[in-house]
Protein chains: 2
Amino acid sequence: MNTPDQTTEHAAKTSSGKLYLVPCPIAPDGEPRSVLPQPNFDIIDSLDYFIVENIRSARRFLSKAGISRRIDDLLFAELNEHTAPAEIEELLKPLAAGRSAGLISEAGVPAVADPGAPLVGLCHRRGIRVIPLTGPSSIIMAVMASGLNGQSFAFNGYLPVKAPERIRAIRQFERRAVSERQTQLFIEAPYRNTGLWRDLLATCSPATRLTVAADITAPDEYIVTRSVGEWRKLPVPEIAKRPAIFAIGI
Amino acid sequence: MNTPDQTTEHAAKTSSGKLYLVPCPIAPDGEPRSVLPQPNFDIIDSLDYFIVENIRSARRFLSKAGISRRIDDLLFAELNEHTAPAEIEELLKPLAAGRSAGLISEAGVPAVADPGAPLVGLCHRRGIRVIPLTGPSSIIMAVMASGLNGQSFAFNGYLPVKAPERIRAIRQFERRAVSERQTQLFIEAPYRNTGLWRDLLATCSPATRLTVAADITAPDEYIVTRSVGEWRKLPVPEIAKRPAIFAIGI
């Protein structure tokens, strides 16, 4: 079943809908036109089925994006950390029947640092074409603006919550950042940013470079890289409760 | 010198120019408006100094982007793999004097998989603000569209050219993809894509999932994920000489 031969795959590709990966703004009140190119709006306007991480925020985004259909005429299905694998299969039924869909995340690009990837994986298994659209990714923007190595980098998701595991993870990231010259990125629940900051300064070597990128694309965007030794001499930056990405490198 | 105190840093921030990270299309003949949002064009239009990986392609991009100044009135400086560290310092002099600059890569977002990062790093050391703009990144679009794990992934740049090192690198990526559930991405010079493909199919386990993402955002975009076992039963996809990103995962 997971091994479509070329004939059935070709059939699927010609008759089935497509899955568009539709980015939305990163900043909570971000204006869609400030971060998305025109073709995204044309594609959004051609769709009437959306698979979304959160229905409320997706409706708000589509309405701000100026979709010309009535929002109430659109079909929404939720895909989040509570969605069971069998339900993901269900979500694709309209696509098998020829209807295209848009996948929308809570913020930024879908299927990165969110629960969307298994749906995309299933599309490949079913021969459904997946089309990524351009939009803001806080991860790639943090790499760009960090000045750390952009030829080799890893995004590691959330750090462990418990202190000993967290310290161990920081040590591992730092070791890999140094030994492989691979920039290591990670995130934290915003209300834990200040605690993470203390752990980073206490754990890392003074020479290690540490980037914090908070509120990317928002008016109060703050992206600064310094050595840990320099950061230690300064007050904690104002990152409490702000969405932020952290990176360490050399 | 690399440790500005807060006073000098504040002075730098209020009087110095900013470095805008200006993405351009990925596809060789890509239309800027098809992948870049409106504010990028406004910012491009406000700048008269560009630090670029390749002057010819940057001029072509700015002209296609409809910049309102005469291209010949703009100041261009090249930053590529031949630029010495001392020259990078020179490039920032206009910024220290209050002039803002745009950093433009050969394709896609600057300071990722190109020689731009040291300039960005130096901006942080000099207290010059760095502002990333939204645009297409083939790396993040490959992650999005792969269906592989998007909660943990690494971009590893180019694979080694020589066969034994290349095979070893593929094995290491596969091991890490499995043991850490971290999607591993890499690139190859387009004329070597077919050779890399053979090495991937010969080296990886049949269960490993392998994505090829070629000509992202171009009309003949091709993004497909299958298990290595499935790929082995099919003809080599048409990736010869096409810009492509590869990813392995589970």
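Is Glu188(B) buried or exposed in this predicted model? Glu188(B) is buried, with a relative accessible area of 4%, where buried means under 20% relative accessible area, exposed means over 50%, and partly exposed lies in between (1.4 Å probe, protein chains only). Because the model is predicted, local features need pLDDT of at least 70 and side-chain atom pairs count only at pLDDT 80 or more, while totals for chains, interfaces and linings use all residues. Residues are numbered from 1 along each chain as its sequence is written, chains are lettered from A and ligands numbered from 1 in the order in which they are written, and side-chain values use heavy atoms, with hydrogens and water left out.

Glu188(B) lies in the loop between strand S7 (183-187) and helix H10 (193-203) of chain B; helices (H or I, at least four residues) and strands (E, at least two) are DSSP runs, numbered from the N terminus. The side chain of Glu188(B) forms a polar contact of 2.9 Å with that of Arg166(B) and another of 3.4 Å with that of Arg192(B). A polar contact is a pair of N or O atoms within 3.5 Å; within protein, one atom must be able to donate a hydrogen and the other to accept it, and residues adjacent in sequence count only if both atoms are side-chain atoms. When residues up to four places away in sequence are not counted, Glu188(B) touches Tyr158(B), Leu159(B), Arg166(B), Asn193(B), Leu196(B) and Phe246(B), contact being defined as heavy atoms within 4.5 Å. Asp199(B), in helix H10 of chain B, is also buried, with a relative accessible area of 17%. Apart from neighbours within four places in sequence, Asp199(B) is in contact with Arg166(B), Ile167(B) and Ile170(B).

Chain A contains 11 helices and 10 strands, and its C-alpha atoms fill a box of roughly 60 × 40 × 30 Å along the principal axes. Of the 250 residues in chain A, 59% are buried. Among contacts in chain A with a separation of 6 or more, 74% are between residues 24 or more positions apart.

An open sheet of 5 strands in chain A has the order S3-S2-S4-S1-S5, with parallel pairing; two strands pair if DSSP finds at least two bridges between them. Strand S3 (75-78) and strand S5 (130-132) of chain A are the edge strands, each pairing on one side only. The twist averages 25° from one strand to the next. Strand S1 (residues 19-22) of chain A pairs with S5(A) in the parallel sense over 3 bridges, and Pro132(A) in S5(A) is the bridge partner of Leu21(A). Helix H4 (residues 55-64) of chain A packs on the sheet, where it touches S1, strand S2 (49-52), S3 and strand S4 (101-104) of chain A, and its direction makes about 140° with that of S3(A). Helix H7 (residues 117-126) of chain A also packs on the sheet, touching S1, S2, S4 and S5 of chain A, at about 155° to the direction of S1(A). For these angles, axes are lines fitted to C-alpha atoms, for helices over the stretch in contact, and angles run from 0 to 180 degrees between N-to-C directions.

In chain B, S2(B) and strand S3 (residues 75-78) pair in the parallel sense over 4 bridges, with Phe50(B) opposite Phe76(B) in S3(B). Tyr49(B) and Ile51(B) point one way from strand S2 (residues 49-52) of chain B, Phe50(B) and Val52(B) point the other way, and all are buried. In a regular strand the side chains alternate between the two faces of the sheet. Elsewhere in chain A, strand S8 (residues 209-214) pairs with S9(A) in the antiparallel sense over 6 bridges. Val224(A) in S9(A) is the bridge partner of Val212(A). Strand S9 (residues 222-227) of chain A is mostly covered, 5 of its 6 residues being buried.

Leu19(A) and Leu19(B) touch the most other members of the largest nonpolar core, which has 78 residues. Such a core is a set of buried Ala, Val, Leu, Ile, Met, Phe, Trp, Tyr and Cys residues joined through side-chain atoms within 4.5 Å. Beyond four places in sequence, the residues touched by Leu19(A) include Ile51(A), Leu95(A), Leu103(A), Val120(A) and Ile131(A).

Chain A can be laid on chain B with an RMSD of 0.0 Å by a turn of 180° and a shift of 0.0 Å along the axis, which is the relation of a two-fold axis. The superposition is by least squares on the C-alpha atoms of residues with pLDDT of at least 70 in both copies. The copies meet through the same surface, because 100% of the interface residues of chain A are also interface residues in chain B. Arg129(B), in the loop between helix H7 (117-126) and strand S5 (130-132) of chain B, touches Glu221(A), Gly17(B), Lys18(B) and Leu19(B), not counting residues up to four places away in sequence. Arg129(B) is partly exposed, with a relative accessible area of 31%.
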